[in-house]
Amino acid sequence: MESFALHSLSTSASPSFSLLHHRSRPISKSPPFLLPGHTLPRSFRTTIRSSSSIFPPSPKLSLGLKPRLPPIHASSSTNSPSPPRPLGVKPIPFLISISVGLIVQFLVPKPPEVSPQAWQLLSIFISTIAGLVLSPLPVGAWAFLGLTASVVTKTLSFSCAFSAFTNEVIWLIVISFFFARGFVKTGLGDRIATYFVKWLGKSTLGLSYGLTISEALIAPAMPSTTARAGGVFLPIIKSLSLSAGSKPGDPSAKKLGSYLVQSQFQAASNSSALFLTAAAQNLLCLKLAEELGVIISSPWVSWFNAASLPALVSLLATPLVLYKLYPPETKDTPDAPAMAAKKLENMGPVTRHEWVMVGTMLLAVSLWVFGEALGIASVVAAMIGLSILLLLGVLDWDDCLSEKSAWDTLAWFAVLVGMAGQLTNLGIVTWMSDCVAKSLQSFSLSWPAALGVLQASYFFIHYLFASQTGHVGALYSAFLAMHLAAGVPGVLAALALAYNTNLFGALTHYSSGQAAVYYGAGYVDLPDVFKIGFVMALVNAIIWVVVGAFWWKFLGLY
(Lines give C-alpha, C1' and ligand atoms only; values in the text may rest on other atoms or scores of the structure.)
Protein backbone atom coordinates (compact mmCIF):
# COMPACT_ATOMS: atom_id res chain seq x y z
CA MET A 1 0.00 0.00 0.00
CA GLU A 2 2.42 2.55 1.15
CA SER A 3 5.35 4.03 -0.69
CA PHE A 4 8.61 4.07 1.17
CA ALA A 5 12.21 4.98 0.43
CA LEU A 6 14.33 2.11 1.60
CA HIS A 7 17.11 3.10 3.93
CA SER A 8 18.52 -0.12 5.32
CA LEU A 9 17.84 -3.56 6.69
CA SER A 10 20.44 -4.53 9.24
CA THR A 11 20.81 -7.16 11.89
CA SER A 12 20.97 -6.65 15.58
CA ALA A 13 21.38 -10.22 16.75
CA SER A 14 24.21 -11.81 18.58
CA PRO A 15 26.83 -13.47 16.39
CA SER A 16 25.52 -16.93 17.20
CA PHE A 17 22.31 -16.12 15.35
CA SER A 18 23.89 -14.34 12.41
CA LEU A 19 23.23 -15.10 8.79
CA LEU A 20 25.77 -16.22 6.29
CA HIS A 21 26.90 -12.81 5.24
CA HIS A 22 29.49 -10.93 3.34
CA ARG A 23 30.26 -7.34 2.47
CA SER A 24 27.88 -6.59 -0.31
CA ARG A 25 28.72 -4.01 -2.91
CA PRO A 26 26.97 -0.72 -2.18
CA ILE A 27 24.02 0.02 -4.34
CA SER A 28 24.82 2.98 -6.49
CA LYS A 29 21.38 4.48 -6.74
CA SER A 30 18.38 4.82 -4.51
CA PRO A 31 15.00 4.36 -6.14
CA PRO A 32 13.92 7.71 -7.61
CA PHE A 33 10.45 9.15 -7.63
CA LEU A 34 9.49 7.74 -4.22
CA LEU A 35 7.17 9.82 -2.14
CA PRO A 36 9.45 11.92 0.04
CA GLY A 37 9.25 11.67 3.76
CA HIS A 38 8.29 7.99 3.66
CA THR A 39 10.73 5.62 5.24
CA LEU A 40 10.44 2.08 6.34
CA PRO A 41 9.27 1.85 9.96
CA ARG A 42 11.96 1.32 12.54
CA SER A 43 11.13 -2.36 12.75
CA PHE A 44 11.88 -2.74 9.04
CA ARG A 45 15.23 -1.01 9.22
CA THR A 46 16.38 -3.85 11.41
CA THR A 47 15.69 -7.50 10.93
CA ILE A 48 13.32 -9.34 13.16
CA ARG A 49 14.20 -8.68 16.77
CA SER A 50 13.34 -12.05 18.17
CA SER A 51 15.22 -13.91 15.43
CA SER A 52 17.28 -11.42 13.53
CA SER A 53 19.00 -13.98 11.36
CA ILE A 54 17.20 -16.08 8.83
CA PHE A 55 19.49 -19.05 8.33
CA PRO A 56 22.71 -20.20 9.96
CA PRO A 57 25.86 -20.74 7.95
CA SER A 58 25.86 -23.68 5.58
CA PRO A 59 29.11 -25.65 5.72
CA LYS A 60 28.87 -26.42 1.99
CA LEU A 61 28.06 -22.91 0.86
CA SER A 62 29.73 -20.68 3.40
CA LEU A 63 32.59 -19.79 1.04
CA GLY A 64 34.47 -18.28 3.95
CA LEU A 65 31.99 -15.44 4.28
CA LYS A 66 31.94 -13.41 7.45
CA PRO A 67 29.07 -14.19 9.83
CA ARG A 68 27.59 -10.72 9.82
CA LEU A 69 25.39 -8.87 7.36
CA PRO A 70 26.25 -5.23 6.79
CA PRO A 71 23.38 -2.85 6.22
CA ILE A 72 21.86 -2.69 2.77
CA HIS A 73 22.51 0.87 1.74
CA ALA A 74 20.42 2.97 -0.58
CA SER A 75 23.05 5.67 -0.62
CA SER A 76 25.89 6.07 -3.06
CA SER A 77 28.62 5.06 -0.67
CA THR A 78 29.06 3.13 2.51
CA ASN A 79 32.16 5.09 3.50
CA SER A 80 30.74 8.59 3.52
CA PRO A 81 27.56 9.79 5.20
CA SER A 82 24.56 10.65 3.11
CA PRO A 83 24.39 14.32 2.14
CA PRO A 84 22.10 16.37 4.34
CA ARG A 85 18.54 16.46 3.14
CA PRO A 86 17.70 19.86 1.61
CA LEU A 87 15.40 21.95 3.76
CA GLY A 88 12.38 23.75 2.43
CA VAL A 89 10.61 23.49 -0.90
CA LYS A 90 12.21 22.46 -4.20
CA PRO A 91 11.62 25.53 -6.36
CA ILE A 92 11.04 24.01 -9.80
CA PRO A 93 8.63 21.22 -8.71
CA PHE A 94 6.86 23.78 -6.51
CA LEU A 95 6.35 26.25 -9.35
CA ILE A 96 5.14 23.54 -11.72
CA SER A 97 2.70 22.10 -9.18
CA ILE A 98 1.26 25.50 -8.33
CA SER A 99 1.11 26.56 -11.99
CA VAL A 100 -0.96 23.53 -12.95
CA GLY A 101 -3.64 24.47 -10.45
CA LEU A 102 -3.57 28.16 -11.40
CA ILE A 103 -3.96 27.30 -15.07
CA VAL A 104 -7.04 25.22 -14.30
CA GLN A 105 -8.47 27.94 -12.08
CA PHE A 106 -7.91 30.98 -14.28
CA LEU A 107 -7.20 29.90 -17.87
CA VAL A 108 -9.37 26.82 -18.43
CA PRO A 109 -13.01 27.86 -19.01
CA LYS A 110 -15.31 26.70 -16.22
CA PRO A 111 -18.17 24.54 -17.50
CA PRO A 112 -21.54 26.17 -16.76
CA GLU A 113 -22.81 23.12 -14.86
CA VAL A 114 -19.90 23.30 -12.37
CA SER A 115 -20.08 25.71 -9.44
CA PRO A 116 -17.23 28.18 -8.72
CA GLN A 117 -16.55 26.44 -5.41
CA ALA A 118 -16.24 23.04 -7.11
CA TRP A 119 -13.95 24.42 -9.82
CA GLN A 120 -11.70 26.08 -7.26
CA LEU A 121 -11.47 22.88 -5.23
CA LEU A 122 -10.61 20.97 -8.41
CA SER A 123 -7.71 23.34 -9.09
CA ILE A 124 -6.39 22.87 -5.53
CA PHE A 125 -6.79 19.11 -5.82
CA ILE A 126 -4.93 19.02 -9.15
CA SER A 127 -2.06 21.03 -7.65
CA THR A 128 -1.97 18.58 -4.75
CA ILE A 129 -1.80 15.59 -7.10
CA ALA A 130 0.90 17.30 -9.19
CA GLY A 131 2.89 17.72 -5.99
CA LEU A 132 2.56 13.99 -5.24
CA VAL A 133 4.19 13.27 -8.60
CA LEU A 134 6.83 16.03 -8.57
CA SER A 135 7.57 16.06 -4.81
CA PRO A 136 8.30 19.72 -4.01
CA LEU A 137 7.94 18.75 -0.32
CA PRO A 138 7.47 15.51 1.59
CA VAL A 139 4.04 14.16 0.80
CA GLY A 140 2.57 14.88 4.22
CA ALA A 141 3.78 18.47 4.16
CA TRP A 142 2.50 19.05 0.63
CA ALA A 143 -0.91 17.57 1.48
CA PHE A 144 -1.10 19.88 4.50
CA LEU A 145 -0.40 22.88 2.24
CA GLY A 146 -3.24 21.80 -0.02
CA LEU A 147 -5.52 21.45 3.00
CA THR A 148 -4.49 24.89 4.20
CA ALA A 149 -5.15 26.43 0.79
CA SER A 150 -8.65 24.97 0.70
CA VAL A 151 -9.44 26.52 4.10
CA VAL A 152 -7.71 29.90 3.54
CA THR A 153 -9.53 30.42 0.22
CA LYS A 154 -12.79 29.44 1.95
CA THR A 155 -13.27 26.70 -0.61
CA LEU A 156 -13.95 24.34 2.28
CA SER A 157 -14.90 25.00 5.87
CA PHE A 158 -12.55 23.78 8.57
CA SER A 159 -14.89 20.94 9.54
CA CYS A 160 -15.30 19.80 5.92
CA ALA A 161 -11.56 19.99 5.27
CA PHE A 162 -10.81 17.75 8.26
CA SER A 163 -13.84 15.46 7.96
CA ALA A 164 -11.83 12.53 6.54
CA PHE A 165 -9.65 12.36 9.66
CA THR A 166 -12.49 10.40 11.26
CA ASN A 167 -12.79 8.05 8.28
CA GLU A 168 -12.82 4.51 9.66
CA VAL A 169 -10.99 3.04 6.67
CA ILE A 170 -8.07 5.42 7.18
CA TRP A 171 -7.82 4.38 10.82
CA LEU A 172 -7.94 0.75 9.72
CA ILE A 173 -4.94 1.50 7.49
CA VAL A 174 -3.12 3.04 10.45
CA ILE A 175 -3.83 0.03 12.68
CA SER A 176 -2.61 -2.30 9.91
CA PHE A 177 0.85 -0.78 10.35
CA PHE A 178 0.77 -1.86 13.99
CA PHE A 179 -0.33 -5.40 13.13
CA ALA A 180 2.55 -5.61 10.66
CA ARG A 181 4.94 -4.49 13.39
CA GLY A 182 3.65 -7.28 15.61
CA PHE A 183 4.44 -9.89 12.94
CA VAL A 184 7.95 -8.51 12.57
CA LYS A 185 8.64 -7.97 16.27
CA THR A 186 7.55 -11.47 17.29
CA GLY A 187 9.19 -13.18 14.31
CA LEU A 188 5.97 -15.03 13.47
CA GLY A 189 6.06 -14.12 9.79
CA ASP A 190 9.68 -15.24 9.59
CA ARG A 191 8.85 -18.59 11.19
CA ILE A 192 5.97 -19.30 8.80
CA ALA A 193 8.07 -18.48 5.73
CA THR A 194 10.98 -20.56 7.01
CA TYR A 195 8.74 -23.62 7.33
CA PHE A 196 7.83 -23.33 3.64
CA VAL A 197 11.50 -23.04 2.72
CA LYS A 198 12.09 -26.24 4.66
CA TRP A 199 9.25 -28.07 2.92
CA LEU A 200 9.66 -26.83 -0.69
CA GLY A 201 13.16 -25.45 -0.98
CA LYS A 202 15.12 -28.27 -2.65
CA SER A 203 15.06 -26.49 -6.02
CA THR A 204 15.07 -22.82 -6.95
CA LEU A 205 11.60 -23.11 -8.45
CA GLY A 206 10.32 -24.93 -5.36
CA LEU A 207 11.94 -22.29 -3.17
CA SER A 208 10.09 -19.59 -5.06
CA TYR A 209 6.79 -21.43 -4.72
CA GLY A 210 7.40 -21.89 -0.99
CA LEU A 211 7.92 -18.17 -0.50
CA THR A 212 4.93 -17.32 -2.70
CA ILE A 213 2.58 -19.66 -0.84
CA SER A 214 3.75 -18.47 2.56
CA GLU A 215 3.09 -14.84 1.59
CA ALA A 216 -0.41 -15.73 0.40
CA LEU A 217 -1.09 -17.36 3.78
CA ILE A 218 0.28 -14.44 5.79
CA ALA A 219 -1.33 -11.73 3.64
CA PRO A 220 -4.91 -11.64 5.02
CA ALA A 221 -3.65 -11.04 8.57
CA MET A 222 -0.74 -8.73 7.66
CA PRO A 223 -2.35 -5.89 5.69
CA SER A 224 0.84 -4.27 4.43
CA THR A 225 2.76 -5.38 1.38
CA THR A 226 5.73 -3.31 2.48
CA ALA A 227 5.79 -4.97 5.89
CA ARG A 228 5.70 -8.41 4.34
CA ALA A 229 8.49 -7.51 1.92
CA GLY A 230 10.85 -5.68 4.27
CA GLY A 231 10.11 -7.47 7.51
CA VAL A 232 9.78 -11.08 6.36
CA PHE A 233 10.65 -12.06 2.80
CA LEU A 234 13.58 -9.92 1.72
CA PRO A 235 15.75 -10.98 4.70
CA ILE A 236 15.05 -14.63 3.85
CA ILE A 237 15.75 -14.14 0.14
CA LYS A 238 18.97 -12.26 0.86
CA SER A 239 20.20 -14.93 3.27
CA LEU A 240 19.53 -17.76 0.82
CA SER A 241 21.13 -15.83 -2.02
CA LEU A 242 24.28 -14.96 -0.10
CA SER A 243 24.60 -18.56 1.01
CA ALA A 244 24.58 -19.61 -2.65
CA GLY A 245 27.22 -17.01 -3.51
CA SER A 246 24.70 -14.67 -5.15
CA LYS A 247 25.72 -11.13 -4.21
CA PRO A 248 23.83 -7.87 -4.73
CA GLY A 249 25.28 -5.41 -7.20
CA ASP A 250 27.44 -8.14 -8.69
CA PRO A 251 27.23 -10.44 -11.75
CA SER A 252 26.62 -13.31 -9.31
CA ALA A 253 23.23 -11.76 -8.48
CA LYS A 254 21.85 -13.72 -11.46
CA LYS A 255 22.71 -17.02 -9.76
CA LEU A 256 19.74 -16.90 -7.39
CA GLY A 257 18.93 -13.53 -5.84
CA SER A 258 17.65 -11.75 -8.95
CA TYR A 259 15.14 -14.47 -9.73
CA LEU A 260 13.86 -14.81 -6.15
CA VAL A 261 13.46 -11.05 -5.78
CA GLN A 262 11.60 -10.68 -9.08
CA SER A 263 9.39 -13.68 -8.42
CA GLN A 264 8.44 -12.57 -4.91
CA PHE A 265 7.91 -8.98 -6.03
CA GLN A 266 5.57 -9.97 -8.87
CA ALA A 267 3.70 -12.60 -6.85
CA ALA A 268 3.07 -10.15 -4.00
CA SER A 269 0.69 -8.10 -6.13
CA ASN A 270 -1.57 -11.13 -6.60
CA SER A 271 -1.38 -12.02 -2.90
CA SER A 272 -2.59 -8.51 -2.12
CA ALA A 273 -5.40 -8.82 -4.66
CA LEU A 274 -6.56 -12.17 -3.26
CA PHE A 275 -7.82 -10.93 0.13
CA LEU A 276 -9.65 -7.76 1.08
CA THR A 277 -7.45 -7.37 4.17
CA ALA A 278 -4.16 -8.16 2.43
CA ALA A 279 -3.56 -4.49 1.58
CA ALA A 280 -5.04 -1.41 3.15
CA GLN A 281 -5.88 0.25 -0.18
CA ASN A 282 -8.36 -2.55 -0.83
CA LEU A 283 -10.56 -1.36 2.01
CA LEU A 284 -10.32 2.21 0.81
CA CYS A 285 -11.48 1.19 -2.68
CA LEU A 286 -14.67 -0.33 -1.31
CA LYS A 287 -15.26 2.71 0.91
CA LEU A 288 -14.98 5.05 -2.08
CA ALA A 289 -17.23 2.75 -4.11
CA GLU A 290 -19.83 2.93 -1.34
CA GLU A 291 -19.81 6.74 -1.57
CA LEU A 292 -20.78 6.41 -5.24
CA GLY A 293 -23.63 4.07 -4.41
CA VAL A 294 -21.89 0.76 -5.18
CA ILE A 295 -22.55 -1.39 -2.11
CA ILE A 296 -20.86 -4.78 -1.86
CA SER A 297 -22.54 -7.06 0.65
CA SER A 298 -20.37 -9.32 2.82
CA PRO A 299 -17.30 -7.52 1.46
CA TRP A 300 -14.59 -9.90 2.72
CA VAL A 301 -16.30 -12.98 1.28
CA SER A 302 -17.43 -11.24 -1.92
CA TRP A 303 -13.92 -9.91 -2.55
CA PHE A 304 -12.33 -13.32 -2.01
CA ASN A 305 -14.89 -15.15 -4.14
CA ALA A 306 -14.35 -12.84 -7.11
CA ALA A 307 -10.55 -12.74 -6.79
CA SER A 308 -9.90 -16.37 -5.87
CA LEU A 309 -9.65 -18.10 -9.24
CA PRO A 310 -7.75 -15.46 -11.29
CA ALA A 311 -5.47 -14.58 -8.37
CA LEU A 312 -4.61 -18.20 -7.61
CA VAL A 313 -3.91 -18.93 -11.28
CA SER A 314 -1.62 -15.89 -11.43
CA LEU A 315 0.12 -16.89 -8.20
CA LEU A 316 0.82 -20.36 -9.54
CA ALA A 317 1.91 -19.06 -12.94
CA THR A 318 4.23 -16.25 -11.80
CA PRO A 319 7.22 -18.28 -10.50
CA LEU A 320 7.10 -20.59 -13.53
CA VAL A 321 6.76 -17.78 -16.09
CA LEU A 322 9.68 -15.90 -14.56
CA TYR A 323 11.67 -19.15 -14.37
CA LYS A 324 11.44 -19.22 -18.17
CA LEU A 325 11.73 -15.48 -18.89
CA TYR A 326 14.28 -14.57 -16.22
CA PRO A 327 15.97 -17.89 -15.35
CA PRO A 328 18.30 -18.24 -12.38
CA GLU A 329 21.74 -19.67 -13.00
CA THR A 330 21.36 -21.94 -9.96
CA LYS A 331 18.57 -24.44 -10.56
CA ASP A 332 18.92 -26.58 -7.43
CA THR A 333 19.20 -25.50 -3.79
CA PRO A 334 19.63 -28.81 -1.94
CA ASP A 335 21.01 -27.15 1.20
CA ALA A 336 18.11 -24.73 1.69
CA PRO A 337 15.83 -27.17 3.58
CA ALA A 338 18.65 -28.08 5.97
CA MET A 339 19.44 -24.40 6.51
CA ALA A 340 15.77 -23.74 7.24
CA ALA A 341 15.60 -26.65 9.67
CA LYS A 342 18.67 -25.33 11.48
CA LYS A 343 17.18 -21.88 11.59
CA LEU A 344 13.96 -23.21 13.11
CA GLU A 345 16.01 -25.10 15.67
CA ASN A 346 17.82 -21.90 16.60
CA MET A 347 14.53 -20.04 16.87
CA GLY A 348 13.32 -22.56 19.43
CA PRO A 349 9.69 -23.35 20.20
CA VAL A 350 6.92 -20.93 19.37
CA THR A 351 6.99 -18.16 21.94
CA ARG A 352 4.08 -16.89 24.00
CA HIS A 353 4.01 -13.66 22.03
CA GLU A 354 3.85 -15.58 18.75
CA TRP A 355 0.88 -17.60 20.02
CA VAL A 356 -0.82 -14.37 21.10
CA MET A 357 -0.15 -12.95 17.64
CA VAL A 358 -1.63 -16.07 16.00
CA GLY A 359 -4.74 -15.95 18.18
CA THR A 360 -5.24 -12.24 17.72
CA MET A 361 -4.92 -12.43 13.95
CA LEU A 362 -7.31 -15.39 13.77
CA LEU A 363 -9.79 -13.37 15.81
CA ALA A 364 -9.33 -10.27 13.65
CA VAL A 365 -9.67 -12.16 10.37
CA SER A 366 -12.76 -13.99 11.68
CA LEU A 367 -14.35 -10.69 12.63
CA TRP A 368 -13.44 -9.24 9.23
CA VAL A 369 -15.12 -12.21 7.54
CA PHE A 370 -18.23 -12.45 9.74
CA GLY A 371 -18.29 -8.95 11.18
CA GLU A 372 -21.20 -7.78 9.05
CA ALA A 373 -23.43 -10.54 10.39
CA LEU A 374 -22.28 -9.77 13.95
CA GLY A 375 -22.63 -6.03 13.56
CA ILE A 376 -18.89 -5.40 14.06
CA ALA A 377 -17.21 -3.01 11.64
CA SER A 378 -13.80 -3.87 10.21
CA VAL A 379 -12.09 -1.01 12.02
CA VAL A 380 -13.65 -2.09 15.33
CA ALA A 381 -12.30 -5.61 14.78
CA ALA A 382 -8.86 -4.11 14.19
CA MET A 383 -9.17 -1.97 17.32
CA ILE A 384 -10.03 -5.08 19.35
CA GLY A 385 -6.99 -6.88 17.94
CA LEU A 386 -4.63 -4.00 18.67
CA SER A 387 -6.02 -3.69 22.20
CA ILE A 388 -5.26 -7.36 22.84
CA LEU A 389 -1.69 -6.96 21.56
CA LEU A 390 -1.18 -3.96 23.84
CA LEU A 391 -2.77 -5.61 26.89
CA LEU A 392 -0.68 -8.78 26.56
CA GLY A 393 2.59 -6.98 25.86
CA VAL A 394 3.16 -8.09 22.29
CA LEU A 395 3.28 -4.40 21.41
CA ASP A 396 3.79 -1.41 23.65
CA TRP A 397 2.70 2.14 23.03
CA ASP A 398 6.23 3.17 22.08
CA ASP A 399 6.01 0.67 19.21
CA CYS A 400 2.91 2.45 17.97
CA LEU A 401 4.37 5.93 18.44
CA SER A 402 7.53 5.00 16.55
CA GLU A 403 5.56 3.95 13.46
CA LYS A 404 6.08 7.29 11.76
CA SER A 405 4.73 6.01 8.47
CA ALA A 406 1.39 5.14 10.10
CA TRP A 407 0.88 8.67 11.42
CA ASP A 408 2.21 10.21 8.23
CA THR A 409 -0.28 8.16 6.21
CA LEU A 410 -3.09 9.27 8.51
CA ALA A 411 -2.22 12.90 7.81
CA TRP A 412 -1.68 12.97 4.04
CA PHE A 413 -4.15 10.30 3.09
CA ALA A 414 -6.98 11.88 5.06
CA VAL A 415 -6.37 15.09 3.10
CA LEU A 416 -6.60 13.30 -0.26
CA VAL A 417 -9.65 11.27 0.68
CA GLY A 418 -11.36 14.34 2.11
CA MET A 419 -10.77 16.38 -1.03
CA ALA A 420 -11.89 13.52 -3.27
CA GLY A 421 -15.06 13.13 -1.22
CA GLN A 422 -15.86 16.85 -1.45
CA LEU A 423 -15.28 16.76 -5.21
CA THR A 424 -17.87 14.02 -5.40
CA ASN A 425 -20.31 15.97 -3.21
CA LEU A 426 -19.85 19.12 -5.31
CA GLY A 427 -20.56 17.26 -8.56
CA ILE A 428 -17.10 17.38 -10.17
CA VAL A 429 -16.79 13.58 -10.38
CA THR A 430 -20.23 13.28 -11.94
CA TRP A 431 -19.42 15.99 -14.50
CA MET A 432 -16.11 14.33 -15.44
CA SER A 433 -17.69 10.88 -15.76
CA ASP A 434 -20.48 12.22 -17.96
CA CYS A 435 -17.93 13.87 -20.27
CA VAL A 436 -15.97 10.62 -20.61
CA ALA A 437 -19.13 8.59 -21.09
CA LYS A 438 -20.22 10.85 -23.94
CA SER A 439 -16.80 10.48 -25.58
CA LEU A 440 -16.99 6.71 -25.32
CA GLN A 441 -20.52 6.69 -26.72
CA SER A 442 -19.33 8.73 -29.70
CA PHE A 443 -17.11 5.76 -30.57
CA SER A 444 -20.09 3.42 -30.16
CA LEU A 445 -18.25 1.37 -27.53
CA SER A 446 -20.17 -1.34 -25.72
CA TRP A 447 -19.78 -1.48 -21.96
CA PRO A 448 -17.26 -4.39 -22.14
CA ALA A 449 -15.10 -2.35 -24.52
CA ALA A 450 -15.44 0.72 -22.29
CA LEU A 451 -14.45 -1.45 -19.34
CA GLY A 452 -11.28 -2.53 -21.12
CA VAL A 453 -10.32 1.00 -22.18
CA LEU A 454 -10.90 2.49 -18.74
CA GLN A 455 -9.16 -0.34 -16.88
CA ALA A 456 -6.10 -0.11 -19.11
CA SER A 457 -5.98 3.67 -18.67
CA TYR A 458 -6.28 3.39 -14.89
CA PHE A 459 -3.52 0.78 -14.85
CA PHE A 460 -0.90 2.51 -17.00
CA ILE A 461 -1.47 5.95 -15.47
CA HIS A 462 0.29 4.42 -12.46
CA TYR A 463 3.61 5.04 -14.17
CA LEU A 464 3.09 8.61 -12.92
CA PHE A 465 2.46 7.61 -9.29
CA ALA A 466 4.77 6.47 -6.52
CA SER A 467 2.00 5.26 -4.24
CA GLN A 468 -0.89 2.87 -4.62
CA THR A 469 -2.95 4.63 -1.96
CA GLY A 470 -2.18 7.99 -3.55
CA HIS A 471 -3.40 6.67 -6.89
CA VAL A 472 -6.60 5.41 -5.28
CA GLY A 473 -7.24 8.68 -3.48
CA ALA A 474 -6.66 10.69 -6.64
CA LEU A 475 -8.37 8.63 -9.34
CA TYR A 476 -10.44 5.70 -8.06
CA SER A 477 -13.69 7.63 -7.57
CA ALA A 478 -13.41 9.39 -10.93
CA PHE A 479 -12.70 6.18 -12.84
CA LEU A 480 -15.46 4.27 -11.09
CA ALA A 481 -17.90 7.04 -11.97
CA MET A 482 -16.75 6.81 -15.61
CA HIS A 483 -17.41 3.07 -15.57
CA LEU A 484 -20.89 3.58 -14.18
CA ALA A 485 -21.69 6.29 -16.73
CA ALA A 486 -20.54 3.94 -19.52
CA GLY A 487 -22.97 1.26 -18.34
CA VAL A 488 -20.49 -1.12 -16.68
CA PRO A 489 -22.12 -3.12 -13.83
CA GLY A 490 -21.24 -1.36 -10.58
CA VAL A 491 -19.85 -4.24 -8.50
CA LEU A 492 -17.80 -5.56 -11.42
CA ALA A 493 -16.33 -2.09 -12.07
CA ALA A 494 -15.54 -1.45 -8.39
CA LEU A 495 -13.81 -4.80 -7.88
CA ALA A 496 -11.90 -4.72 -11.18
CA LEU A 497 -10.46 -1.29 -10.37
CA ALA A 498 -9.55 -2.48 -6.87
CA TYR A 499 -7.79 -5.59 -8.17
CA ASN A 500 -5.91 -3.45 -10.69
CA THR A 501 -4.77 -1.23 -7.83
CA ASN A 502 -2.81 -4.19 -6.46
CA LEU A 503 -1.52 -5.46 -9.79
CA PHE A 504 0.12 -2.20 -10.84
CA GLY A 505 2.18 -2.22 -7.64
CA ALA A 506 4.78 -4.34 -9.47
CA LEU A 507 5.16 -2.14 -12.56
CA THR A 508 8.29 -0.20 -11.59
CA HIS A 509 10.83 0.28 -8.82
CA TYR A 510 8.80 3.19 -7.43
CA SER A 511 5.24 1.93 -7.98
CA SER A 512 4.68 0.74 -4.39
CA GLY A 513 6.29 0.31 -1.01
CA GLN A 514 7.36 -3.27 -1.69
CA ALA A 515 8.88 -2.14 -4.99
CA ALA A 516 11.25 0.17 -3.10
CA VAL A 517 12.17 -2.63 -0.70
CA TYR A 518 12.96 -5.25 -3.32
CA TYR A 519 14.76 -2.90 -5.71
CA GLY A 520 16.75 -1.46 -2.83
CA ALA A 521 18.23 -4.88 -2.10
CA GLY A 522 20.44 -4.45 -5.16
CA TYR A 523 19.77 -7.77 -6.88
CA VAL A 524 17.84 -6.43 -9.88
CA ASP A 525 19.04 -3.92 -12.48
CA LEU A 526 16.73 -1.02 -13.26
CA PRO A 527 16.12 -1.95 -16.93
CA ASP A 528 15.08 -5.44 -15.81
CA VAL A 529 12.60 -3.98 -13.32
CA PHE A 530 10.82 -2.05 -16.08
CA LYS A 531 11.03 -4.87 -18.61
CA ILE A 532 9.78 -7.62 -16.30
CA GLY A 533 7.21 -5.28 -14.79
CA PHE A 534 5.68 -4.58 -18.19
CA VAL A 535 5.80 -8.21 -19.38
CA MET A 536 4.24 -9.51 -16.16
CA ALA A 537 1.60 -6.78 -16.36
CA LEU A 538 0.59 -8.26 -19.74
CA VAL A 539 0.68 -11.81 -18.33
CA ASN A 540 -1.50 -10.78 -15.39
CA ALA A 541 -3.86 -8.92 -17.71
CA ILE A 542 -4.35 -12.01 -19.88
CA ILE A 543 -4.97 -14.25 -16.87
CA TRP A 544 -7.32 -11.85 -15.11
CA VAL A 545 -9.26 -11.03 -18.29
CA VAL A 546 -9.62 -14.59 -19.57
CA VAL A 547 -10.05 -16.43 -16.28
CA GLY A 548 -11.85 -13.54 -14.62
CA ALA A 549 -14.36 -13.16 -17.45
CA PHE A 550 -15.55 -16.76 -17.13
CA TRP A 551 -15.38 -16.77 -13.33
CA TRP A 552 -17.21 -13.47 -12.85
CA LYS A 553 -19.90 -14.57 -15.30
CA PHE A 554 -20.33 -17.74 -13.25
CA LEU A 555 -20.61 -15.65 -10.06
CA GLY A 556 -23.22 -13.40 -11.68
CA LEU A 557 -21.25 -10.16 -11.56
CA TYR A 558 -22.49 -9.36 -15.06
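## Salt bridges

The structure contains nine salt bridges, a salt bridge being a side-chain nitrogen of Lys or Arg within 4 Å of a carboxyl oxygen of Asp or Glu. The model is a predicted one, in which local features need pLDDT of at least 70 and side-chain atom pairs count only at pLDDT 80 or more, while totals for chains, interfaces and linings use all residues. Residues are numbered from 1 along each chain as its sequence is written, and side-chain values use heavy atoms, with hydrogens and water left out.

## Links between helix 6 and the region of helix 16

Helices are DSSP runs (H or I, at least four residues) numbered from the N terminus. Asp 399 and Arg 181 form a salt bridge, with 3.3 Å between the closest N and O atoms. Because Asp 399 belongs to helix 16 (residues 397–401) and Arg 181 to helix 6 (residues 168–186), this pair ties together parts 218 residues apart in sequence. Both Asp 399 and Arg 181 are buried, where buried means under 20% relative accessible area, exposed over 50%, and partly exposed in between (1.4 Å probe, protein chains only).

A salt bridge also joins the side chains of Lys 185 and Asp 396, at 4.0 Å from N to O. Lys 185 is in helix 6 and Asp 396 in the loop between helix 15 (378–391) and helix 16, 211 residues apart. Asp 396 has a relative accessible area of 36% and is partly exposed.

## A link to helix 23

Lys 254 and Asp 528 meet through their side chains in a salt bridge of 3.0 Å, N to O. Lys 254 sits in the loop between helix 9 (225–243) and helix 10 (257–274), and Asp 528 in helix 23 (residues 526–555), so the pair ties together parts 274 residues apart in sequence. Lys 254 is partly exposed at 31% relative accessible area, whereas Asp 528, at 10%, counts as buried.

Elsewhere, salt bridges with shared partners join Arg 181, Lys 185, Asp 396, Asp 399 and Glu 403 into one network.

## Helix 8

Twelve of the 15 residues of helix 8 are buried. Among them are Gly 206, Tyr 209, Glu 215 and Ile 218.

## Nonpolar core

A nonpolar core is a set of buried Ala, Val, Leu, Ile, Met, Phe, Trp, Tyr and Cys residues joined through side-chain atoms within 4.5 Å. The largest has 152 residues, and Trp 368, Tyr 476 and Tyr 499 have the most contacts inside it. Helix 6 gives the most to this core, namely twelve residues.

Apart from neighbours within four places in sequence, Tyr 476 is in contact (heavy atoms within 4.5 Å) with residues including Cys 285, Leu 288, Tyr 458 and His 471.

Methods. Helix = DSSP H or I, 4+ residues; strand = E, 2+ residues; numbered from the N terminus.
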